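I opened this entry to look up how the parts of the chain are divided and how they meet. My notes follow the structure.

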Amino acid sequence: MRNTFSETLYQEATANPDVYIVVADISPAGSMGKFSSEYPERFINVGVAEQTMIGIAAGLALKGCQPFAYTIATFSLYRPFEMIRDDLCYQNLPVTVVGMGAGVIYSTLGGTHHTQEDIAVASALPNMQVLAPCDPLECVEATRWCARQKNGPVYLRIGKAGEPVLTAQAEPWQFGKLRYLRRGSDICILTYGVITAMATEIADRLAAQGRSVSLVSAHTLKPLDRDGIAAALQQHRHVVVIEEHAPQGGLASQVKQIAWDVRATCRLDTFTLQDAFIHNYGSTNDLLAAHGLSPGRILATIG
Amino acid sequence: MTQASFDARAARTRCQRYRRRILDISQRVSALHIGGAFSCTEIVDGIYNELMRKPGLSSPDTFLMSKGHGCMIQYVVLEELGVLTRADLDAYCTPHGRLGVHPDYGNPGIEASTGSLGHGLSMVVGMALAERGKRRDGMIYTVLSDGETQEGSTWEAVLMASSLKLTNIVAFIDNNDFQSLGRTSETHPSLYPLAAKFDAFGWETAEIDGHDSAAIHRAVSARKGDRPLMVVARTTKGKGVSYMENAPIWHYRAPSKDEYAQAIRELETQA
């Protein structure tokens with residue numbers, strides 16, 4: 001997803017001389033090297049200095065540019081949080097803060113490199129929009145949208161490398177709308193981001209059992225498609241939320257709120273990271289499993 | 001404007017008028033930072049009236065008030081330039097007004113929202129980059145407080161401005177040596193000598209009397225221009241009113257009726 005983001009941004013920068021990227025000493029993977037060599041004036045590396053990364057992006061936007069601020073998610077969102085709040089959200093500037101390798105993708109680097117609360121933190125800010133594409137193709141759509149929108153700030157949560165394509169046959173991507181990757185009538189799985197690959201495996205296994213399964217990418221976490229979620233709750237017997245995020249302030253808690261608001265009668269199960277730091281090491285799936293997020297555990301609960 | 005034609009008397013008259021206007025406002029609304037506005041009065045006057053081209057909404061240059069708590073002086077200058085209206089200032093900090101204690105982006109003449117210290121200089125760097133990228137010759141002016149140089153984010157921006165060779169930045173530090181808990185030189189003696197820090201970070205620097213309008217103009221007009229410029233301006237908090245000068249209580253206090261009368265008398269004497 002990182003390379004897809006880079007290539008898409010390079011293409012957008014080629015088409016629009018106002019597209020800038022401000023990075024904080026991050027590896028020039030994929031087309032980022034091409035961006036920096038072909039458009040050196042629009043590629044700004046601040047080094048290990050995330051506060052000025054956001055402030056510089058704000059200054060560029062105040063003069064009519066379309067900047068992206070880019071580094072590992074925990075450093076792009078948490079370290080310069082007040083700059084994001086005041087410079088970007090309070091002034092409502094069209095700056096995209098890219099959180100790369102979000103969730104527990106950096107599974108061997110420890111808790112300082114995990115982003116378990118980013119959706120809640122970003123969504124709490126007025127004016128902030130939050131996107132989390134589920135695969136490289138959605139990352140293209142989201143990045144392109146970010147490069148062209150003038151609504152205000154965006155937090156774009158992306159993965160890192162090796163994410164499978166999941167949306168080749170899906171309906172078109174639309175900002176602010178749930179996206180059905182497949183449609184069924186029995187169980188509906190709502191998910192977003194990199195963990196959608198696991199949700200796809202779960203959907204496949206349920207389908208193999210003869211269940212009719214909807215699989216939905218809730219790629220726009222803010223503004224959340226409340227009407228779409230209400231419809232999913234009303235049209236399925238069983239709704240399941242799977243997310244790589246803390247239980248509070250993410251998709252799961254919002255779906256529960258909507259379920260209450262619409263007096264939903266379906267069964268609702270949510271699977272999230274726990275409200276606890278992770279001290280385990282291993283693969284991303286090892287860390288997710290440590291908090292109960294594995295196909296086997298989830299399928300056992302779904303029944 | 002050349003140095004020979006610099007009209008120091010006109011600058012002095014303007015600054016006296018600005019201080020008086022701020023004192024007048026203080027009799028209606030007590031929420032304002034008089035001390036920090038008076039310490040940078042000559043600096044902000046100089047930026048708008050002597051340094052910026054066509055000051056006002058059509059200027060190719062930009063002024064960003066990084067020490068947002070000093071923005072009352074910016075408001076009264078913008079009022080005189082016709083960017084803000086008298087009604088705007090009369091409605092300062094009231095439910096039917098649009099101006100508050102700190103500058104808000106979106107109000108006429110306000111280029112960025114500040115008030116939280118340590119944000120301004122990074123935005124200035126971004127603005128200067130945009131001017132360069134768009135092949136425009138706009139200069140970006142800013143005023144920081146000395147307390148603001150305790151923010152790590154300020155030094156991140158200082159490092160970037162010189163590393164990016166942004167010659168279109170002119171910054172001032174309103175070095176009034178006071179912050180909420182005392183004299184900056186006593187709480188943070190290692191901050192000094194201040195200009196040497198910026199020099200070490202690759203900025204062109206100048207040290208001046210921040211109440212000498214001619215010196216403010218001279219420091220900028222005489223710069224080499226091959227690096228961003230930092231002018232460390234020695235100032236007096238509450239400058240112009242004897243009982244406010246170097247008295248921390250006037251960081252955020254409005255004068256009583258008697259104090260107001262005395263302040264007006266003192267300003268008139270100075271004229």
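I looked up the domain assignment of chain A, which gives domain 1 (2-157) and domain 2 (179-302), the bounds coming from an automatic or database domain assignment. I note that this is a predicted model, in which local features need pLDDT of at least 70, side-chain atom pairs count only at pLDDT 80 or more, and totals for chains, interfaces and linings use all residues. Residues are numbered from 1 along each chain as its sequence is written, chains are lettered from A and ligands numbered from 1 in the order in which they are written, and side-chain values use heavy atoms, with hydrogens and water left out.

Taken over C-alpha atoms, the centres of domain 1 of chain A and domain 2 of chain A are 26 Å apart. For the contact (heavy atoms within 4.5 Å), I find 28 residues from domain 1 of chain A and 30 residues from domain 2 of chain A.

I then looked up the buried area (accessible area, 1.4 Å probe, that two parts lose on being put together, summed over both): the two domains of chain A bury about 2,200 Å² between them, with 55% of it on carbon and sulfur atoms.

Under salt bridges (a side-chain nitrogen of Lys or Arg within 4 Å of a carboxyl oxygen of Asp or Glu), the count between domain 1 of chain A and domain 2 of chain A is one. I also noted that Glu138(A) forms a salt bridge with Arg179(A), where the closest N and O atoms are 3.1 Å apart.
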